[in-house]
Amino acid sequence: MPHYHRLGHIPPKRHITFRRPDGGLYAEQLVSTEGFSDLYSLVYHCHPPTQVLKIDPAYSVAPKVADPDNMQHRLFKGLDVVPDDDYLDSRVPVLVNTDCHISLAAPRQSMKDYFFKNSGADEMIFIHRGEGILKTMYGNIPFTPGDHLVIPRGVVYQFRFSSTDNRLFIVESPQPLRFPKRYVNKAGQLLENAPYCERDIRKPQVLETHEDKGDFLVKIKRDGKIWPYHYAAHPFDLIGWDGFHYPFALSIHDFEPITGRIHQPPPMHQTFETPSFVVCAFVPRLYDYHPQAIPAPYNHSNVDSDEVLYYVDGDFMSRNDIKQGYITLHPKGIVHGPHPGTVERSIGAKETKELAVMIDTFRPLMITEQAFAIEDPDYWRSWLEGK
Ligand SMILES: [Fe+2]
C-alpha cells in the first residue's frame, strides 16, 4: 500500500521515552496487521487509548440475506436507497458474501456526536456524490465526487459533509485491500505501467490533536454488530504517528486508462485487490484503434467470479437503459455480454465517457432484502431483441 508517511511529532527511535510538555509520557500504540507480520504504524496519544468508561449493549447490523443462491442476472437502482440523516443508519448492505460486503449509503448529515471504527474489515468508500472532509485519528482527507477512500481496519473516523445529497458505494473486506501486486516493485513502489502512481495517492495531511477528556462515543463494528464504546479521551488525540497503515484517497479521475488497438480486458482497469475479490475503474478513454476493432466487449462467461458494476456517470458502452447509481450483478456460471445493438453502435466510435466501479468476487454474492426492494425484476430478459 502507500509508502511510509509521518505526521506531527514522534520520538527519534521507537519504544523510547517521549514526553509531553508537562513531563508526562505520551502513550505509544502499535497498530499492526496480520499479527505483527505486515503493515503497521506507531501512533502517539496524549492520553492512554485504553480508558473505557462504559460499553452500551451491542446491536446487530448484519445483512438480512434474502437469496443465498442467486443464479440470475440482476439490476438494482442504487439511487432508490432512501437517505437517512445518520451515517451508520444510512448504510444498506445489498450484496454480501464472507469475503465482501457491498453497501450503499445516502447520509444527509455529518457525524457529530460519535466516531466510527470498523474493526473487522478494511473499507473502500467510493464517493459518487458529496464532498467534505474525512476526519481520522491519522489526520484529515478532503474528498470530492470520484474519490475512493480506503480506510484500513482499526482507523477511527468521522465523516464531515459539506453537502446533503451524499451517495456512497461501500465495500468492506475482512482481508487486506491492497494495490495489485503486479503494479508494484519489490520495494513497494508503483511501477511505470500502473494506471496510477504515488502522486495520485492523497494521504492524511492535517493532524488535529484533540487533548480534551470527557465521554467520547466510538461505535465499533465487528462481525455484524456495532459495539458502542465510551472512551475517556478524544479518539483524535495523536500528537504524531508514522508507518504504512493509514487511510488515503485515490480519485477515479486520476486513474489513467490503458488502451490498445483491440479490446482490453477488465484487469487493465484494476485499482485494488484482495485475495478474494478485485476492484476496477472504467473511466472515459479513447477507444481501440485497430481499423476493424469492436470496442464493445465480447460475450463472456464468468466461470469463476461474480461481477458487480456500479454505474457512476456517462453512457455505459455495452448496456442499454443504464442510469446513474444502477448496480448490475452478473453471477458466475451464466454468460453475459453486450446488449442488443451496442456492438454495432460501438464500431467506429472514437471514445467513451463511461465512469463505473467494478467488483469481481470469486465467491458468489448473496442478495439482501434491501437489495430486492430496489431491484428491476426484468433485467435478466434485457438481452432479448426488441426489449
Ligand atoms: Fe462483464
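**Aromatic residues, nonpolar cores and an iron site**

Tyr87, Phe116, Phe143, Tyr157, Phe159 and Phe161 come together as one aromatic cluster. The model is predicted, with local features needing pLDDT of at least 70 and side-chain atom pairs counting only at pLDDT 80 or more, while totals for chains, interfaces and linings use all residues. Residues are numbered from 1 along each chain as its sequence is written, and side-chain values use heavy atoms, with hydrogens and water left out.

Rings of Phe, Tyr and Trp (its six-membered ring) are paired here if their centres lie within 6.5 Å, and are called stacked with planes under 30 degrees apart, edge-to-face over 60 and tilted for the rest. By this rule the count comes to 23 aromatic pairs. One of them joins Phe143 and Phe159 edge-to-face, at 5.5 Å centre to centre and with 90° between the planes. This pair links distant parts of the chain, 16 residues apart: Phe143 belongs to strand E13 (residues 139–143) and Phe159 to strand E15 (residues 156–161). Strands are DSSP runs of at least two residues, numbered from the N terminus. With buried meaning under 20% relative accessible area, exposed over 50% and partly exposed in between (1.4 Å probe, protein chains only), Phe143 is buried at 2% and Phe159 is buried at 0%.

A nonpolar core is a set of buried Ala, Val, Leu, Ile, Met, Phe, Trp, Tyr and Cys residues joined through side-chain atoms within 4.5 Å. The largest such core has 79 residues, and those with the most contacts inside it are Tyr87 and Phe159. A second, separate core has 12 residues, including Phe282, Leu309, Tyr311 and Tyr326. In soluble globular proteins, nonpolar side chains tend to be buried together.

What are the protein donors of the iron ion? They are His300 (NE2), Glu307 (OE), Glu307 (OE) and His336 (NE2), lying 2.1 to 2.4 Å from the ion. Donors are N, O and S atoms within 2.8 Å of the metal (3.2 Å for Na, K and Ca), and sites may look incomplete because water is not among the atoms. Along the chain, the donors follow the spacing H-x6-E-x28-H. Glu307 lies in strand E25 (residues 306–313) and His336 in strand E27 (residues 335–336), so this pair ties together parts that are 29 residues apart in sequence. Both Glu307 and His336 are buried.

Technical notes: Helices (H or I, at least four residues) and strands (E, at least two) are DSSP runs, numbered from the N terminus.
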